[in-house]
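Q: I would like to learn how to read the features of a protein model, one at a time. Please give the general idea each time, then the case at hand.

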Amino acid sequence: MSLDDIGCHEDIVEDADTIEGNAKIKADFVTNKYHVDCFADDTGLEVEALDGAPGVYSARYAGEHCTYQENVDKMLAAMKGQTNRKAAFRTCIALNLDGKSYYFEGRCDGRITEEQRGTEGFGYDPIFQPDGYDQTFAELGHEVKNAISHRGRATQKLIAFLKDLG
């Protein structure tokens, strides 16, 4: 079931200082208020030259109500002149199931490009080039991105866990 199916339309405050914490906040909110097992995720872009920033603040890196483009512009400005462009996307899925909590992490290592490339995807996709590829997420297209992405990897771990319960 989706959040719409259970009548959950609240904005859940994500105020943890880790992506694991934010995923747990969202899963716990739904489990506690609606009395259902559920999973929730959170994602962050961690840039080595920026000491792991923006991390948990990735969605609001350029300000509380910023656009994807404003985040990209701020990142490109922060990385101007940097030779270390290593970065990683991390996703954590928190699953509440039968009174227990489980966590599944997915990671995709890569680098921040010097300019935007591509039009697919969203967020930092036009400036994130995954290791082993010459294209950004925005150039690779949805099918390839989903197969190699942080969120795809975390989801595969969740699916494998659920199948093993079966």
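Q: In what order do the five strands stand in the open sheet, and how are they paired?
A: Strands of a sheet pair through backbone hydrogen bonds, either parallel or antiparallel. In this predicted model, the open sheet has the order β2-β1-β3-β4-β5, with antiparallel pairing. Helices (H or I, at least four residues) and strands (E, at least two) are DSSP runs, numbered from the N terminus, and two strands pair if DSSP finds at least two bridges between them.

Q: Which strands stand at the edges?
A: The edge strands are β2 (54–55) and β5 (128–130). Each has a single partner strand, so one side of each is left without a neighbour in the sheet.

Q: What numbering and what limits apply to the model?
A: Residues are numbered from 1 along each chain as its sequence is written. Because the model is predicted, local features need pLDDT of at least 70 and side-chain atom pairs count only at pLDDT 80 or more, while totals for chains, interfaces and linings use all residues; side-chain values use heavy atoms, leaving out hydrogens and water.

Q: How many bridges join β1 to β3?
A: Strand β1 (residues 38–47) and strand β3 (residues 86–97) run antiparallel and are joined by 10 bridges. Cysteine 38 has asparagine 96 of β3 as its bridge partner, and threonine 43 has threonine 91 of β3.

Q: Which strands does helix α2 touch?
A: Helix α2 (residues 19–34) packs on the sheet and touches β1, β3 and β4 (100–112). A contact means heavy atoms within 4.5 Å. The direction of α2 makes about 160° with that of β1; axes are lines fitted to C-alpha atoms, for helices over the stretch in contact, and angles run from 0 to 180 degrees between N-to-C directions.

Q: How many residues of β3 are buried?
A: Buried means under 20% relative accessible area, exposed over 50%, and partly exposed in between (1.4 Å probe, protein chains only). In β3, 11 of the 12 residues are buried, so the strand is largely enclosed by the rest of the structure.

Q: What do β3 and β4 form?
A: They form a hairpin with two residues between the strands. β3 and β4 run antiparallel and are joined by 12 bridges; one of the pairs is leucine 95 with tyrosine 102 of β4. In the turn, aspartate 98 has a positive phi of about 50°, although aspartate 98 is not a glycine. Aspartate 98 counts as exposed, at 67% relative accessibility.

Q: Where is aspartate 51 found?
A: Aspartate 51 is in the loop between β1 and β2. Its phi is positive, about 55°, although aspartate 51 is not a glycine. At 78% relative accessibility, aspartate 51 counts as exposed.

Q: Which peptide bond is cis?
A: The bond from alanine 53 to proline 54 is cis, with omega near 0°. Proline 54 lies in strand β2.

Q: What is the make-up of the protein chain as a whole?
A: The chain has six helices and five strands, and from the N terminus on its elements run α-α-β-β-α-β-β-β-α-α-α. Buried residues make up 42% of the 166 residues.

Q: What radius of gyration does the protein chain have?
A: The radius is taken over C-alpha atoms, and the globule rule is 2.2 Å times the number of residues to the power 0.38. With 166 residues, a compact globule would have a radius near 15 Å; the chain has 17 Å, which agrees.
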